[in-house]
Amino acid sequence: MAFPHRPDAPELPDFSMLKRLARDQLIYLLEQLPGKKDLFIEADLMSPLDRIANVSILKQHEVDKLYKVENKPALTSVELCFHLPLSLVNADKLAGRTRKYKVIFSPQKFYACEMVLEEEGIYGDVSCDEWAFSLLPLDVDLLSMELPEFFRDYFLEGDQRWINTVAQALHLLSTLYGPFPNCYGIGRCAKMAYELWRNLEEEEDGETKGRRPEIGHIFLLDRDVDFVTALCSQVVYEGLVDDTFRIKCGSVDFGPEVTSSDKSLKVLLNAEDKVFNEIRNEHFSNVFGFLSQKARNLQAQYDRRRGMDIKQMKNFVSQELKGLKQEHRLLSLHIGACESIMKKKTKQDFQELIKTEHALLEGFNIRESTSYIEEHIDRQVSPIESLRLMCLLSITENGDARCSLDTHYGPEHLLTFSNLRRAGLLTEQAPGDTLTAVESKVSKLVTDKAAGKITDAFSSLAKRSNFRAISKKLNLIPRVDGEYDLKVPRDMAYVFSGAYVPLSCRIIEQVLERRSWQGLDEVVRLLNCSDFAFTDMTKEDKASSESLRLILVVFLGGCTFSEISALRFLGREKGYRFIFLTTAVTNSARLMEAMSEVKA
Amino acid sequence: MNRTKGDEEEYWNSSKFKAFTFDDEDDELSQLKESKRAVNSLRDFVDDDDDDDDLERVSWSGEPVGSRTRPGSFQSLSDALSDTPAKSYAPELGRPKGEYRDYSNDWSPSDTVRRLRKGKVCSLERFRSLQDKLQLLEEAVSMHDGNVITAVLIFLKRTLSKEILFRELEVRQVALRHLIHFLKEIGDQKLLLDLFRFLDRTEELALSHYREHLNIRDPDKRKEFLKTCIGLPFSAEDSAHIQDHYTLLERQIIIEANDRHLESAGQTEIFRKHPRKASILNMPLVTTLFYSCFYHYTEAEGTFSSPINLKKTFKIPDKQYVLTALAARAKLRAWNDVDALFTTKNWLGYTKKRAPIGFHRVVEILHKNNAPVQILQEYVNLVEDVDTKLNLATKFKCHDVVIDTCRDLKDRQQLLAYRSKVDKGSAEEEKIDALLSSSQIRWKN
């Protein structure tokens, strides 16, 4: 059990360097302000900062007091950037104090923020800087940009402000780990990020030249290419932990119900946790068995102390006991987590929920599923859950299922529904002629040059989900005779109990197999991505065969732990290793909350 | 830069100790140097925020800070320009740097946009003709960087009349989306609504206006505001919601005033026994219905707070109503009300039990509200499907129902199996034993 890596699996590059870089930059910025200083930190930045520098490092660089700035939901990010400085500056002015103020934007400063500072009349009082901290290694194979706002900003609002941040991050990676000989991508944002990144590289010609590539392939993918996977309930352990307890920046807060004490515990979840590392990718149904086996082994090892003589005992205590204790601690934590997950899931009829999801994915019993969802809404189980199911229904059924369901919802959700529609998470069949009418009206106003841009702006409007057809083309629903053995997974579908191969992962698999999009035209067309699927190869003479088995997958708009597990599985099957770069780790609840206008 | 993991770990650990020795300080210094080296090796990250940054530093403290790593402020000027060696401009000595920057940049639109992307201060003032402005915008859009697109839009917004700006953006959708998002972010609602009006996007206009209610705290003001939303060009479906939203808040305000008064007077039993946890203002419809089923169940239809009145006014479907009422009455352990909820009389006067949500759901909800076994039993018995009934009865330990069902099914094996699940020596065990030894029953197995 627990997937060991193949002996021939390539080594991962050392990403801890990114942490050191970020820390050094921070120190550099702090040193720019000599003397004692107070530091105000935005709440969202706390956890990432925590992974980079601790309080004593800040103190060493003369940070006197630390304040956490709570996010007021009513404020937009732009407003937030001046509220605090404004109130500080004005308070100081009143009190006749003179101080220096600096706003450090991370990862990037925006002109809109500077404009606001200027309008508020504090531009000169406050100086601005950037902490270009955009890549946080959460694990040996997972880099996060910690930009959950990317999803809403781009996929709902159409704001491209983070594309440069992505391009910069890719540029940094190629500076540190050599050029990427093979590039693939799908999605409008992926294409733009790729082009901007190429521009950067050209401008700074020479930096990566002559470097041997460490990572052979890079694959960029937009979240809206595959919403379905992200909307599904997760059943691999790490995904389930994320859905249940919310993993934040690679760590999770286990409450008293898990720790079986009166305290909560903050636990880092990564490959260093030996117990977690063995179960993270497993289907939940296997985890119990594994943990109890592990517990028995541990007991046996403890038991060995009986009958030891004094010398053996001394050895045991000095060499093994610490490790055993550590393992014991981890084991009891994960057992506690499993229990807690089980309790919660039984309470919410998880089995029935999963059954409905699978029916939706496979496209049968639609009536039944619809009435299940309706009932779900009637019972007010959880608004976020209901929204998620509605979106899943709507995308898998291509909007055919009328969403009259929203009548039950309470008026404020009107705004949320409108957002979901705009982002393409709720698809309704827009009468074709309305669209054409608008299009023709606009095109009359347009010169030829701009016409292309109009069309792609409209493509999102015209976007229909062709999930059923795509699913058929790519064989996303495995045909199974008898039980799907979750203990010995045979394909990536195991991450959804054998019912569905994640679309995003299947696309990646197919393209890597062909080393191009050849033969996938129909799929690309069904994904509405005909103009946004690209390949770019350079000569591979310098790339080692080892590096050609390393693949960096970039998820624009977030990826889920289920997708990560599925690709780790694929890697083991094929002898690759995947490295994940995501704007943020996401799941269905986060997607829904990002679209929500009524802050919970 | 080639510290190993172990080294780093040690660094982290040791940095917790604040023991200061000269050696340590030295170490710190070298650490810092290393930091700087690392930072400097990445031009685009730190070193690139060049000239204006130096300016800031000068302006605050009167002398350039960080001169250890950089040449004096004067040279940094040429540094700043050195990234475009193809162009060389003779610096006009003696002119303040700020001005210098403005005079010197004779950049083309594409150069300007590239500088903006790097976060450099770059004056756009010289783009005065509409054609120049639009070219600048096109360059920004074709570079894909949203931050730069917004920077150009800020400039265009300031230097073009809104009619012209709107007209040009209508055919430039990418830029248009950026402007809309920008206006939302800075809260320029007025211009945003003007824009939607110009674009004839009536629904977005309506939604955007409606969104403002979220910022109004005072319930009466909010209600008045919602009133202004009625009649805006929403979709047909949304229009009904807006009307409902208004009516609901109107009701809630009345109910809240009334109940707050009742509660503080302390004369009403229900409020004494179950003090309200929160105000009902701004709660969703279903919560309001629950509240009304909880505190005002028996009121006549004529009162605003009666559940039946809410049901009629907001056309709440039967299923939803029953679910909510059931949950509320079960919470109060008002089993008679629960009973009445499912009792219907036909024209002959016979009573019959009927549940629009299915009795299996009823049982689950009752169980969630800790209904006693006798009550549960009664409803488990009403579940039609025998398998479901048996499952529920087993799950909720309604022994009698399980035993009777097994008997009716003549399923001796299952009854035998169930015997192990009841307490030893209990009445249930006796009942099972009596059945098992009975010769009256013709078991099927």
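This is a predicted model: local features need pLDDT of at least 70, side-chain atom pairs count only at pLDDT 80 or more; totals for chains, interfaces and linings use all residues.
A:R246 is placed in the loop that runs between helix 10 (237-245) and strand 9 (251-254) of chain A, and its phi is positive, near 65°, in a residue other than glycine. A positive phi, of about 60°, is also found at A:N528, which is likewise not a glycine. This asparagine lies in the loop between helix 23 (521-526) and strand 11 of chain A, and A:N528 is partly exposed, its relative accessible area being 30%. A further backbone feature of chain A concerns a proline: the peptide bond leading from A:S106 to A:P107 is cis, with omega near 0°, and A:P107 belongs to the loop between strand 3 (101-105) and helix 5 (111-119) of chain A.

Taken as a whole, chain A contains 25 helices and 13 strands. Of its 600 residues, 59% are buried, and the chain exposes about 25,200 Å², of which carbon and sulfur atoms supply 52%. Among the contacts of chain A that link residues at least 6 apart in sequence, 78% join residues at least 24 apart.

Within chain A, 7 strands are arranged as an open sheet of mixed pairing, in the order 5-6-13-12-8-7-11. Strand 5 (136-139) and strand 11 (533-537) of chain A form the edges, each of them pairing on one side only, and the twist from one strand to the next averages 20°. Strands of a sheet pair through backbone hydrogen bonds, in either a parallel or an antiparallel sense.

Strand 8 of chain A (residues 217-222) runs parallel to strand 7 (residues 182-186) of chain A, to which it is joined by 5 bridges, with A:N182 standing opposite A:H217 of strand 8. Strand 8 of chain A is also parallel to strand 12 of chain A, and 6 bridges join these two strands; in this pairing, the bridge partner of A:I218 is A:L552 in strand 12 of chain A. Strand 8 of chain A is mostly covered, as 6 of its 6 residues are buried. In a regular strand the side chains alternate between the two faces of the sheet. Both faces of strand 8 of chain A are covered, with A:H217, A:F219 and A:L221 buried on one side and A:I218, A:L220 and A:D222 buried on the other.

Helix 8 (residues 188-203) of chain A extends across strand 7, strand 8, strand 11 and strand 12 (550-556) of chain A, and runs at about 135° to strand 8 of chain A. Helix 24 (residues 561-574) of chain A lies across strand 6 (142-144), strand 12 and strand 13 (577-582) of chain A, and its angle to strand 13 of chain A is about 160°.

Chain B comprises 26 helices and 2 strands. Buried residues account for 46% of the 445 residues in chain B, and the accessible surface of the chain amounts to about 23,600 Å², 51% of which belongs to carbon and sulfur atoms. Of the contacts in chain B with a separation of 6 or more, 49% are between residues 24 or more positions apart.

One helix pair of chain B was examined in detail. Helix 7 (residues 109-117) and helix 8 (residues 130-143) of chain B pack with their axes 9 Å apart and at an angle of about 50°, and helix 7 of chain B and helix 8 of chain B are therefore oblique to each other. The crossing in which helix 7 of chain B passes helix 8 of chain B is right-handed. On the side of helix 7 of chain B, the residues that meet the partner helix are B:P109, B:S110, B:T112, B:V113, B:R114 and B:R117, whereas helix 8 of chain B contributes B:Q135, B:L136, B:E139, B:A140 and B:M143.

Conventions: Residues are numbered from 1 along each chain as its sequence is written. Chains are lettered from A and ligands numbered from 1 in the order in which they are written. Side-chain values use heavy atoms; hydrogens and water are left out. Helices (H or I, at least four residues) and strands (E, at least two) are DSSP runs, numbered from the N terminus. Buried means under 20% relative accessible area, exposed over 50%, partly exposed in between (1.4 Å probe, protein chains only). Contact means heavy atoms within 4.5 Å. Accessible areas come from the Shrake-Rupley method with a 1.4 Å probe; for residues, only the protein chains shown count as cover. Two strands pair if DSSP finds at least two bridges between them. Axes are lines fitted to C-alpha atoms, for helices over the stretch in contact, and angles run from 0 to 180 degrees between N-to-C directions. Angles under 35 degrees count as roughly parallel, over 145 as roughly antiparallel, 65 to 115 as roughly perpendicular and the rest as oblique. A crossing is left-handed if the near helix is turned anticlockwise from the far one by less than a right angle, and right-handed if clockwise.
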